[in-house]
Every structure is written in structure tokens, then in C-alpha cells.
Amino acid sequence: SVRLVTLDDNLVTIPNSRFLTDAVSSGNAGALDMMIVVPFSVPLGSDLDRVRRILEEVAATSPFVYLDKPVVTVASEAWHERFLVQVVSVKAYVFDVRYEKAFQTDLITRGRAALLDEVPGCDRLGHAKA
């Protein structure tokens, strides 16, 4: 069998027969680095180019980022409570999968602070979507 330890320190045991009969997926195909996606909500009508530049800089300056792979931002729209917001998702690679949650926390903490300081109206949302 294969034994895995999850990020929550749970031990998962998978019988070898499952690998032969079922589809198996991996977030990083055995590599140390792995893509992390963190969405941020900003008010409708925000300057998306500015938001994207801010969040790309936040990701690129994280101590956990793996810069041999690209930092990408993707914009979309979603409902937040009763109103439509723009969502900018940061897609970046952590240099070691063991630091996935630390990287995510760093992006959320510093990204939210930067957006609150630099983008008008972000304080009305009350949070950066995690």
C-alpha cells in the first residue's frame, strides 16, 4: 500500500490495487514545487490592471515562491453576498509543497493589506476572498 500524510497530518493508506484499477491524480506529479491558487475579491469597476500588478508583486516577493515558474493572475466575476464583484486569482508555485499553507497565508495576508492600501473600495468588501 501507499501511505501519505496530508497537510492536516492525517495518514492516508491507499491499497496498491486502487492504483491499478482507479484513476490517480497528483497536484505536483512528485515534484517539490506545486501551483497554489488564491482568489481575491475586489469591487466591480476596480482597475484590474493595477490589482493584477499589485498581486503579482506580492506573490513574486513571497519567501515561499518558486520563481522558475510563472506568476499568473486571472480575472473573473462572482457574487459576494448580494452584489457582483471582480475576482483576481493569483496562480503561483510554492518552492516546496510542505510550505503550501504558509505560502497561501502569506499571499492572503500581504495581498489583502496591499489591496486595502492601494485599491479604492476594497475596504467596503471587508475581506479579500480566501
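Which residue does the side chain of arginine 110 meet in a salt bridge? In this predicted model, the partner is aspartate 106, and the distance from N to O is 2.9 Å.

An α-helix has 3.6 residues a turn, so residues three or four places apart point the same way.

## The wider set of salt bridges

Across the whole structure, a search finds five salt bridges. One of them joins aspartate 33 to lysine 69, with the closest N and O atoms 2.8 Å apart. Aspartate 33 lies in the loop between α1 (16-21) and β3 (34-43), whereas lysine 69 lies in the loop between α2 (48-60) and β4 (72-80), so this pair ties together parts that are 36 residues apart in sequence. Aspartate 33 is buried, with a relative accessibility of 11%, and lysine 69 is partly exposed at 33%.

Another salt bridge links arginine 98 with aspartate 96, where the closest N and O atoms are 2.6 Å apart. Here arginine 98 counts as exposed, since its relative accessibility of 63% lies over the 50% cut-off, but aspartate 96 is buried, with a relative accessible area of 4%.

## The overall plan of the chain

The protein contains four helices and five strands, and from the N terminus on these elements follow the order β-β-α-β-α-β-β-α-α. Of its 130 residues, 35% count as buried. If contacts with a separation of 6 or more are considered, 64% of them are accounted for by residues 24 or more positions apart.

Two of the strands, β4 and β5, run antiparallel and are joined by nine bridges. Within this pairing, threonine 73 stands opposite valine 90 in β5. The hairpin that β4 and β5 form has two residues between the strands, and glutamate 81 in this hairpin takes a positive phi near 55°.

## Helix α2 and its two sides

Helix α2 has 13 residues, and the 18 Å from its first C-alpha to its last is close to the 18 Å expected at 1.5 Å a residue. Which residues of α2 are buried? They are Val51, Ile54, Leu55, Val58 and Ala59, and because they cover an arc of only 130° around the axis, they are placed on the same side of α2. On the other side of this helix, Arg53 and Glu57 are exposed.

The buried residues of α2 pack against β3, β4, β5 and α3, and two residues of the helix show some of this in detail. Leucine 55, which lies in α2, counts as buried at 1% relative accessibility. Apart from its neighbours within four places in sequence, leucine 55 is in contact with Phe40, Thr73, Val88, Val90, Gly111 and Leu115. Leucine 55 and valine 72 are 17 residues apart along the chain, and their C-alpha atoms are separated by 9.3 Å. Valine 51, with neighbours within four places again left aside, is in contact with Val42, Ser46, Val88, Leu115 and Val119.

## The nonpolar core

Which residues have the most contacts inside the largest nonpolar core? This core has 23 residues, and those with the most contacts inside it are Val51, Leu55, Val90, Phe103, Leu107 and Leu115. At least two residues of the core come from each of β3, α2, β5 (83-94) and α3.

Methods. Residues numbered from 1 in each chain as written. Predicted model: local features only at pLDDT ≥ 70, side-chain atom pairs only at ≥ 80, totals over all residues. Heavy atoms only, no water. Salt bridge = Lys/Arg side-chain N within 4 Å of Asp/Glu carboxyl O. Buried < 20%, exposed > 50% of the residue type's maximum accessible area, 1.4 Å probe, protein only. Core = buried A, V, L, I, M, F, W, Y, C linked by side-chain atoms within 4.5 Å. Contact = heavy atoms within 4.5 Å. Pairing = 2+ DSSP bridges. Expected span 1.5 Å × (residues − 1). Arc of directions from axis to C-beta.
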